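Hi everyone, thanks for coming.

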Amino acid sequence: MSKAIAIFNQKGGVGKTTTNINLGASLAAFGKKILMLDIDPQGNTTSGIGISKKNLEYTMYDLLIDSDFDTHEAIIHTAVSNLDLVPANVDLAGAEIELVQISGREKRLRDAIARIRDEYDFIFIDCPPSLGLLTINSLCAVESVLIPIQCEFYALEGVSQLISTIDLVKKSFNPDLEIEGVVLSMFDGRTNLSIQVVQEVKKYFGSKVYSTVIPRNIRLAEAPGFGMAITEYDPKSKGAKAYKKFAKEFLEREGSK
């Protein structure tokens, strides 16, 4: 049985795309069949895994706007074995405006991925850092939300709004929506601030926080510039080891549910 998970935080720069690519690639290395959906018009997951945003034949835009579109047409096999992608580019910004006039607009993505769900173990959606129709479509299409939180001063700013958003979508559109878990990123063990943030987040989310923490790591920051997951770019780096550990913990939690 496949599971769809939105990677979402209304704050930008918290590691959503990094987590989407590297958790996906690490799970793929464990033999899981993974599909990443890029639903951010910036297309960072698309370029970050080495797919050019120019001259794409089909993208996430087609999935959302054309109800008869065959989802398979937009799926690209990445250079990482077992890791597929539905790409995005700037065209997606127009979809948000066009969707306003379409009936059942909140559930277009759910319907599009229903056709291919059985072909994957996990589907991850990289959401934009805003609450528009693209994010609502994502939250309506998934069973759960994975929340990356950066180990920096304003980490918990906006978290209550984030929870309110999830509750609102749960109440209005997707009663089965749950919080999958919280992953802490950009951790620097040399600073008291990072340690304090971990403590605060654990106090707020309790057992939903993964014990694996993703460190601040230059190789992780470099990898998207080369269009590669960290597992390919530098598999021996601290970042690669952390995501491998995170993927293992993720699977252990899934197995115990």
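Let's start with this: does Thr19 count as buried or exposed, and why? Keep in mind that we're looking at a predicted model. Thr19 counts as buried because its relative accessibility is 1%, and the cut-off for buried is under 20%.

So where is Thr19? You'll find Thr19 in helix 1, which covers residues 16-29. Its side chain reaches the backbone oxygen of Gly15 at 2.9 Å. There's also a polar contact, at 3.1 Å, between the side chains of Thr19 and Tyr243. And if we skip residues up to four places away in sequence, Thr19 touches several others, among them Ile7, Leu146, Val183 and Phe246.

Okay, on to the pockets. How do we look for empty space? Roll a probe the size of a water molecule over the atoms, and you see where space is left.

The largest pocket holds about 410 Å³ of space. It has 25 lining residues, and Gly13, Val14, Gly15, Thr18 and Met186 are the ones nearest its centre. Helix 1 and helix 9 (218-222) are the elements that each give two or more residues to that lining, and helix 1 has the largest share, with 4 residues. By class, the lining has 11 nonpolar, 10 polar and 4 charged residues.

The second largest pocket has a volume of about 160 Å³. Its lining includes Ser26, Phe30, Thr231 and Lys244. Here helix 11 gives the most, with 3 residues. The classes split into 4 nonpolar, 2 polar and 2 charged.

How values were computed:
Residues numbered from 1 in each chain as written. Predicted model: local features only at pLDDT ≥ 70, side-chain atom pairs only at ≥ 80, totals over all residues. Heavy atoms only, no water. Buried < 20%, exposed > 50% of the residue type's maximum accessible area, 1.4 Å probe, protein only. Polar contact = N/O pair within 3.5 Å; in protein donor to acceptor, adjacent residues only side chain to side chain. Contact = heavy atoms within 4.5 Å. 1 Å grid on protein atoms, 1.4 Å probe; cavity = no way out; pocket = protein on both sides within 12 Å on 5 of 7 lines; lining within 4 Å. Points joined across faces, edges and corners; volume = space filled by probe spheres on them. Nonpolar A, V, L, I, M, F, W, Y, C, P; charged D, E, K, R; others polar.
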